[in-house]
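I opened the notebook to look up how two parts of one chain meet. My entries follow.

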Amino acid sequence: MPYPASMEDSKRKVEETRSRRIEKGPPERIPAEERTALVPKFHPDFIKEQFRELRIGPNKGGRAPLEIADLLEGNSRIDPDRIDLDKIDHDVDVLVVGCGGAGGAASLLAEENGASVLISSKLRLGDANTIGAQAGTQGCDRPNDSPLLHYLDIMGGGHYVNVPELAEALAKDSPDVIKWLEELGVNWDKEPDNSYHELSGGGASRRRMHSCRDYTGLEEMRVIRDEIRQRNWHGRKIDWLEFEPAIELLMDDKGQVAGAILMNLETRQMSIVRAKAVVIATGGMGRTHIQGFPTTNHYGATADGLVLAYRVSCHLVHMDTMQYHPTGAAFPPQILGFLVTEKVRTLGAEIVNCDGEQFVHPLEARDTEASAEIRECKERGKGVSTPTGEVGLWLDSPMVDIKRGAGTIQRELPAMVRQFGRFDIDIIKEPMLVYPTLHYQNGGIVINADAATPIPGLFAAGECEGGVHGRNRLIGNSTLDLFVFGRRAGRAAAKWVKEVKLGKLTLDHVRKWQREIKEAGLEEMPVSPMLLPNYARQERYVPGFQPLGQVSPYTPFGDRAVRWI
Amino acid sequence: MAQETRVAEEGKVEEKVKMLDIYIMGKRYKVPDAGLTIQAALEYCGYNLIRGCGCREGFCGACATIYNFTYDPTIKYGLACQTVVEQNMVITQIPFFPAAESLYNVGDLQPKEGVNKLAELYPDILTCFGCNNCTKTCPQNLEVMEFVSDAIRGDYEKVYEKSFDCLLCGLCAARCPQGLQPYNIALAGRRLRGAYLAPKSQHNLDRVKEIEEGNFDADMEKLKKMSADELRELYAKREIEPAL
Amino acid sequence: MPYPPYMEESIRKLEASRQRRMKEEIPLISSDERDMIVRKYHPDYRETGKRKLLLGPNKDETMPEELANQLEGNSRVDPDKVDLSKIDYDVDVLIIGSGGAGLSAALLAQENGARVLIATKLRLGDSNTIGAEGGTQAADRPNDSPVLHYLDTMGGGHFENVPELVWAMARDAPMAIKWLEDLGVNWDKETDGSMRELELAGECRRRVHSCKDYTGLEVMRVLRDEVRCRDNIDYIEFEPAIELIMDDEGQVAGAILVNLETNKLSPVRAKAVIVATGGLGRLHTQGFPTTNHYGATADGLAMAYRVGCSLIYGDSIQYHPTGAVYPLQLVGILITENVRALGGQIINIDGEQVACNLEPRDILASFEIRECTERHKGITTSAGNVGVWEDIPLIDMLHGEGTIARRLPSLVHKFRRFNIDLIHEPVLVYPTLHYQNGGVRMDANSATEVPGLWAPGEVGGGVHGQNRLGGNATLDIYVFGRRAGREAAQYAKEVKLGKLNLDHVRQWQKELEQLDIAKERPFSPMLLPNYARQPSDYLADLYTEKLQPGLVKLA
C-alpha cells in the first residue's frame with residue numbers, strides 16, 4: 001500500500017525542504033556533553049523499570065531487561081531423573097549449537113582441523129540473523145587504515161568498556177576474514193581497479209566496510225551453507241540436524257561440558273548428543289521484544305544460548321544494554337521493525353521530522369542516533385503517525401540519487417528497493433518511515449580471545465558472546481565478529497578435543513539449578529530456553545488442553561519391531 | 001552421500017535392524033528397513049498425523065504425497081498409506097491444494113443437445129494443451145488426460161468409465177500448468193451420467209411406488225408382532241435364492 | 001512382494017483342490033449351531049478384555065475394555081474455563097461427523113428448511129463410508145420384498161434387533177437407492193437396465209446394489225459434492241466436537257468444537273444436534289487391527305453417554321472375517337464380502353474349505369478363529385500374523401475370465417501395488433475389527449432418549465441386533481441419516497432453547513471423583529489414535545503464556 005492520505009502532508013514537506021537541506025548539509029554532530037545527557041534520558045537502556053536484578057545464577061545481583069531476566073531464571077525443560085544418559089543418539093567431537101555465520105564458520109574450521117562436527121539448528125541450516133545483515137563486514141585492509149585505527153574505533157564505539165584482547169582479535173583478524181570468505185566464493189563489491197568497494201559506517205574513522213550490495217549477510221550465508229553441505233556430501237565429517245534445538249547442555253563428572261540434549265520441534269522427541277566440545281552460536285534475542293519493541297531479528301532469535309550457558313555457570317557481560325537500530329521500518333505494518341540499513345545514511349540520506357526538518361546528524365553512533373529520534377517523537381512531538389498506531393520519522397532516501405547520481409540506490413540497495421516495492425513504495429522517489437527497532441545484543445557470554453568460556457569444553461561465538469563490542473556495536477562489526485570468533489572457536493574446539501577425556505555424563509547441574517530455583521522460591525518461572533516466540537492469537541486458547549496425547553494401547557510399533565503398518 | 005563416514009551416527013538402539021535414510025521435508029530420519037509405508041514412517045519418526053491421514057488403505061485420497069530421491073530429482077506421486085519408503089526418499093505431503101470448484105445443482109447437470117455441460121461448468125477445460133502431467137501424477141494410474149479430452153468432447157460415458165477409480169486426491173490439479181482440476185471435472189461428469197444417462201431401472205421405481213402406497217404394511221405389522229420363536233421358524237423356512 | 005517361499009506349499013495344495021472345490025457345497029449351519037460356535041470362538045465372548053461400567057446409563061453392564069475407558073473418560077473441557085456467552089456459530093441443526101449418515105442428514109435437513117452446520121474431525125467426508133466396498137441392500141426386485149429383507153436382517157442379528165428400526169430400514173431401502181441415483185450415483189446395471197444386485201451372507205435374495213467395489217467412495221463423492229453446492233449448509237473441517245452443550249431444560253443445545261491444529265475451542269449453539277460419528281475401529285478392541293478409517297474412535301458414544309443416552313448392544317462388535325493379513329502394509333484392511341458372494345472360498349493350510357463361505361460374518365469369523373487356534377490349520381506370516389486363504393481366482397473360473405478385474409478393481413489395484421496378482425493368487429485373511437453392531441439407543445427416526453439429539457449411522461444401535469449383515473450398514477446410514485435430518489429440521493422449527501450450560505460435565509466429573517477413578521481414566525472423546533513411536537519422554541509445552549510481554553502489533 002502506498003502512503004495513506006494521513007501521511008501525505010508530512011511527506012510533501014520532506015520533498016519541499018529537500019533541496020535546501022542538501023545544499024545546507026547535515027547538522028553538526030552532537031557535542032559530547034549533550035550526548036552524555038541525551039542518551040540516558042531517552043535511550044531504552046535507561047528506563048529503570050524495564051530492568052531488574054537477577055536473583056539466581058552467576059550474574060546474581062546484576063541487572064538485565066525484564067524479558068531476559070525471566071529467561072535466565074527460567075526452569076529447565078527437562079526432568080533429569082527421566083533422562084537415560086546411556087542412550088546416546090549422536091557421539092561427536094564438536095557440537096555446534098546454532099548455524100548462522102558464527103556457527104557455520106566454527107563448523108568449517110573445526111572440521112578442517114580434524115574434528116568431527118555436528119550442527120544443531122533450531123530452524124533450517126542457516127536460518128539466522130546473519131542472513132538479514134545488509135550493510136557489510138568491516139576489514140581494515142586499505143593503505144590508509146590499520147588494525148590500530150580499527151581497534152580505536154571499536155573501543156570508542158563501545159564506550160571503552162570492551163575487553164581489549166577481544167577488540168584486538170576483531171581488528172587483527174578482519175582483513176583475513178574478508179580474504180577467507182572470498183576464497184570460499186563470496187562476491188564482494190569491487191571498484192573498477194579491483195580494490196574492494198569500501199564504505200564508511202557510523203563510528204568508523206576510515207571507509208572499511210566491505211559489502212555485497214545490500215545482501216551481504218545473505219551472500220555470506222549462502223556460501224557458508226553451501227560449503228558445509230558440499231563437505232558433507234563429499235563424506236567429510238560435518239553434519240547437521242534441522243528443527244532440533246538444544247534445550248540443555250550436558251556436563252561430565254569432571255566439570256567439563258560434554259554435549260547437549262536436543263529436542264525435535266515437530267515430534268517433541270529428544271536426542272542426546274555426547275560431544276567433547278560445544279560451541280554456542282545461537283545469535284540474538286530480538287524475538288523477546290524487549291520493552292515491546294519490534295525487531296529486525298529472525299524468528300528464532302530468543303537468547304537460547306544465554307540460557308544454556310548461564311545454567312552451566314557462565315557469566316554474562318553487559319546484559320543491561322541492547323542495541324536499538326535507529327532505522328527500523330515503521331511503515332507499512334507488514335515490515336514493521338525490519339532493518340533499514342545504515343548504509344542508506346552512509347550514502348547520504350538524512351532523517352527528518354514531520355515538518356521535513358533536520359534534527360540530528362545522520363551518522364551519529366547508533367545509541368545516540370536512536371536517542372535523538374526518540375526525543376524528537378516523545379518530547380518534541382515531531383513524529384509521523386501511521387494508521388496502525390506506530391510513530392516514526394522520515395528517512396529521506398531520494399537524497400542519495402540526487403547526491404551520488406541516478407541509479408545509486410538501485411545499485412547499492414536493490415534488496416531494499418524490492419522490499420518496499422512490494423508495497424508500492426518507491427524508495428528512489430519517496431522517503432521511508434523509520435523508528436528505532438530492537439536489533440542487537442551488545443553483550444553476552446564471557447569469552448577469551450580463543451572464544452573459550454571459563455567452563456572447560458564450552459566455546460561461544462557471534463552475537464551470543466560479549467565483551468567484543470563493549471556497550472555498543474558499530475556497523476559492520478557484527479558480521480565480522482561472527483567469522484573472527486567463529487573461526488577461532490572452531491580452531492580452539494578442534495584443538496581441545498584432541499586432548500580432552502570425557503568423564504561420566506551427568507545432569508547434576510540441572511538438579512543444582514532446580515535446587516537454587518526452589519530455594520529462591522522461583523518455581524513459578526516459565527521454562528527456558530524460549531525456543532520460539534508465540535504469536536498465535538490467544539483469545540480462546542485453553543491452557544493445558546491436549547487434543548492428542550493418549551498413546552494408543554495398540555500400537556503398530558509395540559514390542560516387535562513392526563507389527564503392522 | 002558416503003554413509004560410512006557420516007559423522008552423526010544414530011544411537012545403538014537401532015543397531016540390530018537395518019535402517020534406511022529418508023528425508024521428511026528435507027530433514028533426515030532413519031527408519032527400519034521393514035516395508036514401512038510413508039505414513040508408518042512418519043509415525044515411526046514421532047509425527048502425530050492430523051492432516052494427511054484418512055482411511056489409511058488407499059481409498060480416500062487424504063494422504064497425497066510428493067516425493068523424489070536424493071539421487072533423482074524426478075518428482076513422483078503416491079499415497080502415503082500405500083507407498084513403501086525406500087532409501088534416500090525425500091518426502092512432502094500436500095494435504096490441501098487450492099482448486100476451483102464449480103457450483104451447481106444436479107438439476108443443472110441435465111444434458112442438453114448440442115451443449116457440453118462440462119465445458120459450461122469448467123470453461124477453462126478448453127485450454128488443456130495435452131501436456132499429460134495429470135496422468136503422470138495420478139496415484140491410481142488413471143488416464144487423466146484422456147478423460148479430460150473426453151470431457152472436452154462431451155463424452156460423459158467415457159469420462160465415467162475412465163475416471164471411476166478417482167480418489168479426488170488433488171495431485172492432478174496441483175501439477176496442471178493451466179490450473180485445471182481434472183478430478184472435479186470428472187466428478188461432475190460422473191454425476192451427470194449417473195443421474196441422467198445411466199439406463200433407468202424400472203423395477204426399482206415400481207418398488208418405490210409400491211412401498212409408498214403401503215403395499216407391505218399389513219404383512220409387516222404381522223412380522224413385528226411375532227415372537228422370537230415364530231420368527232426363527234419363519235426364518236429357517238424361507239427360501240434362499242441361489243447367489244450366482 | 002509376492003508370496004514368500006514358506007507359503008508356497010500351502011498355495012500349491014489350494015490350487016490342487018480347486019477343481020473339486022468348485023462343485024463343493026457346504027451347507028449353512030443351523031441357528032443353534034451358530035449360537036454355539038459364536039459363544040466358543042467369537043472375540044465378543046472372550047472372558048478377558050472386558051469389564052463392567054462403573055457409572056452412567058449402562059452402569060454394571062460389561063463392555064470391551066477400550067470402549068469402557070472411553071465411556072468413563074474425563075471430559076476434555078473445564079466448564080469453568082469456557083465462556084458460553086461467546087458463541088461462534090448459531091444454527092438450526094448441527095451435524096457432527098460427515099460420513100454417509102452425516103451428509104444424508106445434512107441434505108434432508110436443508111431441504112426441510114434448516115440452516116445446517118457440519119463439524120467434522122478430518123476432511124468433509126473422511127469416514128468409514130468411503131472405504132465401504134460391498135454395497136447397499138434394497139429389496140427392489142420383483143421376487144423380493146421388504147418383508148424378506150426384514151426377516152434376513154432379524155436372522156443375521158440373532159433376532160435381537162429392534163423391530164421398528166429394522167422395518168424402517170427395509171421399507172426405506174429402495175427409496176434410498178433411487179434418491180442416490182437421482183443425485184448422480186452410478187449404480188452398476190445389467191445390460192437390460194436393471195440394477196445389478198448381489199447376494200451377500202445371510203440374505204435370501206440378491207439385493208445388494210453396488211458401484212463395482214467402490215460403492216462407498218462413489219456415493220461419498222456425490223454426497224460431498226451435493227453438500228458443497230447447496231445453500232444453507234456450511235461445514236468446518238479438522239474441528240471435532242468434544243462435548244455436547246445442554247440447556248437448563250434438559251435439551252441438547254449445541255456442542256463445543258476444537259480446532260485440531262490451533263487448539264482453539266468454538267462453542268456452537270444449535271437447536272438440534274445430530275451425532276453421526278461412525279465407528280470405533282481405532283480403539284482396536286481385543287488388540288485387533290481394523291478396517292476403519294483414522295478417525296473412528298467412538299467420539300459420539302462418549303459424548304452421548306455423558307448427557308445420559310444409554311447404549312444398546314454396546315458390547316457387540318463385528319469382526320469382519322476377511323481382513324487382509326499379508327503383506328504387512330495391508331494388515332487389517334477390508335476384503336469385501338462381495339468376493340464370497342462371487343464364489344470366493346475360505347481355505348485352510350491344507351487346501352480345504354473352512355466353512356460355507358456365505359455364513360454371516362460373526363459365524364465365519366468364529367470358524368476362522370477356530371481353524372487357526374484350536375485346529376492349528378492357519379498360515380503364519382513371518383511378522384507373526386496368522387490367517388487363512390481366500391481363494392479369489394475361483395471367481396474367474398466360475399464366472400468367466402475378466403470378472404475379477406471388472407467387479408473388484410480396487411482390490412486388484414491394492415494388491416498389485418505389492419506384486420500380488422489376485423487373478424491368479426489367493427489372499428490371506430483373518431478377522432479384523434470392522435463394525436459396532438450396537439450403539440446409542442434410538443427410535444425409528446434415530447432420535448435418542450435425550451431431546452434434541454439424534455444418532456444415525458454406525459453410532460446408533462438396535463437396527464442390526466447382535467450382528468450386522470453385509471450391505472446393511474451403507475443402507476442404515478442413508479435411511480436413518482435422512483430420517484434424522486428431516487425430523488431434526490422439523491424439531492428445530494418448534495423448539496425453544498433455554499440457557500446454555502455444561503452442568504452435565506460438572507456432574508460427570510464429580511461422579512468420577514467420588515468413584516476415585518478420575519486420574520486413571522483417559523480423556524474422551526479420544527479424537528485420534530496416537531501411533532507415533534514413543535521411545536522417549538514428552539516434554540513441557542513448547543510455548544508458555546507468561547513469556548509474552550508487550551506483544552508487538554504485526555500486520
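I counted contacts first: 11 residues of domain 1 of chain B are in contact with seven residues of domain 2 of chain B. I note that the model is predicted.

I looked up the bounds next. Chain B is divided into domain 1, residues 17-93, and domain 2, residues 97-244. I get 31 Å between the C-alpha centres of the two domains of chain B.

Then I took the area. Domain 1 and domain 2 of chain B bury about 750 Å² between them. Of that area, 71% is on carbon and sulfur atoms.

How many salt bridges does the rule find across the interface of domain 1 and domain 2 of chain B? I get zero.

Which strands supply the side of domain 1 of chain B that touches domain 2 of chain B? I find strand 3 (64-69) and strand 4 (72-79) of chain B, each supplying at least two residues. Strand 4 of chain B gives the largest share of that side, four residues.

Last, I sorted the touching side of domain 1 of chain B by class. I count seven nonpolar and four polar residues there. I find no charged residues on that side of domain 1 of chain B.

Notes: Residues are numbered from 1 along each chain as its sequence is written. Chains are lettered from A and ligands numbered from 1 in the order in which they are written. This is a predicted model: local features need pLDDT of at least 70, side-chain atom pairs count only at pLDDT 80 or more; totals for chains, interfaces and linings use all residues. Side-chain values use heavy atoms; hydrogens and water are left out. Domain bounds come from an automatic or database domain assignment. Contact means heavy atoms within 4.5 Å. Buried area is the accessible area (1.4 Å probe) that two parts lose on being put together, summed over both. A salt bridge is a side-chain nitrogen of Lys or Arg within 4 Å of a carboxyl oxygen of Asp or Glu. Ala, Val, Leu, Ile, Met, Phe, Trp, Tyr, Cys and Pro count as nonpolar, Asp, Glu, Lys and Arg as charged, and the others, Gly among them, as polar.
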